[in-house]
Protein chains: 2
Amino acid sequence: MAPRNVKLTIAYDGTDFHGWQIQPGYRTAQGVLTDAVKDLFGPYARICGASRTDAGVHALGQVGLIQIDSPIPTENIPRALNGKLPPDIAVTAAEDAPRGIDIIGDVTSKLYRYTIHTGAVRPVLDIRYCWYLWHPLDIEAMHAAAQYLLGRNDFRSFAASADRRESTVRTIFRCDVARTGDWVHIDVEGDGFLYNMVRNIVGTLVDLGHGRWTPDQMKDILNARDRTRAGRLAPAAGLCLMWVKY
Amino acid sequence: MAPRNVKLTIAYDGTDFHGWQIQPGYRTAQGVLTDAVKDLFGPYARICGASRTDAGVHALGQVGLIQIDSPIPTENIPRALNGKLPPDIAVTAAEDAPRGIDIIGDVTSKLYRYTIHTGAVRPVLDIRYCWYLWHPLDIEAMHAAAQYLLGRNDFRSFAASADRRESTVRTIFRCDVARTGDWVHIDVEGDGFLYNMVRNIVGTLVDLGHGRWTPDQMKDILNARDRTRAGRLAPAAGLCLMWVKY
């Protein structure tokens with residue numbers, strides 16, 4: 001039987017993972033999944049992911065690709081793997097993927113959601129999944145500023161220690177800042193993201209929402225192509241990879 | 001200045017607490033709060049709670065009483081204490097209480113909510129706050145059975161190792177089982193609860209919802225006054241103390 005490609009949708013609570021990517025000596029999402037995949041499909045099975053989420057970042061819609069030659073029906077794969085995975089990670093869906101799929105290169109769009117809580121008291125049952133900020137935020141200013149990021153731009157100002165030889169150009173399709181009660185969500189959709197890019201954008205928007213800059217200064221920060229011009233790095237806990245599209 | 005009573009509303013994620021009650025060598029909610037209260041109001045300050053929640057049980061509306069002689073305005077107490085508390089516990093409100101209040105004896109009603117998830121895949125971002133059960137539950141049968149528990153009854157069948165000398169009679173005002181999508185909530189309101197009583201009721205309702213008993217057999221289980229006749233103990237993670245009324 002020829003090996004076939006299966007695309008998995010994966011959710012995890014990033015709190016106790018040292019990010020997605022497998023690293024000897026660390027508990028990572030890819031590492032835990034690799035153990036389960038090998039256990040089920042044999043020692044040569046492996047899993048590649050669409051996004052390298054950082055330590056502490058969560059996922060509801062990470063995508064992973066496995067190549068298997070098992071006759072197991074695709075729809076039974078999530079339950080089979082979930083029985084071998086710890087409680088803070090799960091495969092939520094599986095579908096057959098074309099033979100030539102490039103799980104990183106074929107991505108057309110990804111959505112990251114950042115969650116902030118602005119109530120008078122920190123939300124103890126959600127504290128692992130948000131950034132708690134009790135200073136008032138100017139949501140309208142943040143949303144207006146975010147619109148300057150749309151389109152194809154050089155995001156070097158929002159890259160953590162960018163390698164000068166690599167391109168820092170990415171396309172952002174959407175960057176929406178919206179409030180629901182005490183909660184603020186920042187949704188950033190793009191064709192790809194630099195290391196720490198979403199968290200740097202969120203930290204900059206928060207500094208701006210606290211009055212450090214006016215919305216149009218976001219354009220200057222972007223154009224400066226200089227990390228020191230942008231704001232702080234938002235904590236990992238508030239960030240979640242919502243979906244990846246192909 | 002004469003000491004005054006202040007009633008605090010307290011929320012905590014019970015996962016990393018060994019229950020409410022202070023115990024040397026264990027991290028407990030009362031212990032962590034006692035440290036903060038002493039830090040703020042002096043070495044003789046202490047805090048008494050309305051409910052002794054078990055290890056792993058959460059609270060959104062635990063009530064604690066402090067006696068203080070500080071001139072601090074009551075409305076400033078939550079923020080002052082929260083600055084000294086770890087992220088998984090917070091004081092959400094404070095109000096002046098009458099001098100003669102008995103924080104345990106004067107309770108008229110408490111609501112515990114138990115949360116179950118019944119989807120095809122475990123909810124990784126809520127796994128600390130629910131019981132994940134993928135076998136289908138007969139919610140209508142569970143709700144019908146729960147109605148036999150209402151009123152003033154001897155709940156010995158649902159008590160963990162009851163001391164024969166102590167009364168096991170309590171009054172349940174409400175026991176509702178309701179589904180919202182993949183989530184099932186069991187709300188139990190009563191004037192007080194025996195040790196493990198809510199979790200034993202939930203475990204019994206779940207066994208019944210899986211077909212072990214018919215709804216009217218709940219009456220026999222209650223009347224037997226025998227723990228071995230009831231169902232299993234539901235895990236602590238799904239339970240949350242929602243409020244306490246006086």
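Q: How are H3(A) and H4(A) oriented to each other?
A: In this predicted model, H3(A) and H4(A) lie oblique to each other. Two packed helices are described by two values, the angle between their axes and the distance between those axes. Here helix H3 (residues 139–146) of chain A packs against helix H4 (residues 197–209) of chain A at about 135 degrees, and the axes are 8 Å apart. Angles over 145 degrees count as roughly antiparallel and 65 to 115 as roughly perpendicular, so this pair falls under oblique.

Q: Which hand does the crossing of H3(A) and H4(A) have?
A: The crossing of H3(A) and H4(A) is right-handed.

Q: Which residues make the contact between H3(A) and H4(A)?
A: H3(A) contributes A:Ile139, A:Ala141, A:Met142, A:Ala145 and A:Ala146, while H4(A) contributes A:Leu205, A:Leu208 and A:Gly209. By class, seven residues of this contact are nonpolar, one is polar and none is charged.

Q: How is chain A divided into domains?
A: Chain A has domain 1 (4–97) and domain 2 (111–245). Taken over C-alpha atoms, the centres of domain 1 of chain A and domain 2 of chain A are 27 Å apart.

Q: How many residues of each domain of chain A are in contact with the other?
A: In chain A, 16 residues of domain 1 are in contact with ten residues of domain 2. The side of domain 1 of chain A that touches domain 2 of chain A holds six nonpolar, eight polar and two charged residues.

Q: How many residues does each chain bring to the contact, and which elements of chain B supply them?
A: On the side of chain B that touches chain A, strand S1 (4–12), helix H2 (77–82) and strand S4 (89–97) of chain B each supply at least two residues. The largest share, three residues, comes from S4(B). The side of chain B that touches chain A divides into eleven nonpolar, three polar and three charged residues.

Q: Through what surface do the copies meet?
A: Of the interface residues of chain B, 100% are also interface residues in chain A, so the copies meet through the same surface.

Technical notes: Residues are numbered from 1 along each chain as its sequence is written. Chains are lettered from A and ligands numbered from 1 in the order in which they are written. This is a predicted model: local features need pLDDT of at least 70, side-chain atom pairs count only at pLDDT 80 or more; totals for chains, interfaces and linings use all residues. Helices (H or I, at least four residues) and strands (E, at least two) are DSSP runs, numbered from the N terminus. Ala, Val, Leu, Ile, Met, Phe, Trp, Tyr, Cys and Pro count as nonpolar, Asp, Glu, Lys and Arg as charged, and the others, Gly among them, as polar. Domain bounds come from an automatic or database domain assignment. Two residues are in contact if their C-beta atoms, placed from the backbone, lie within 7 Å. Axes are lines fitted to C-alpha atoms, for helices over the stretch in contact, and angles run from 0 to 180 degrees between N-to-C directions. Angles under 35 degrees count as roughly parallel, over 145 as roughly antiparallel, 65 to 115 as roughly perpendicular and the rest as oblique. A crossing is left-handed if the near helix is turned anticlockwise from the far one by less than a right angle, and right-handed if clockwise.
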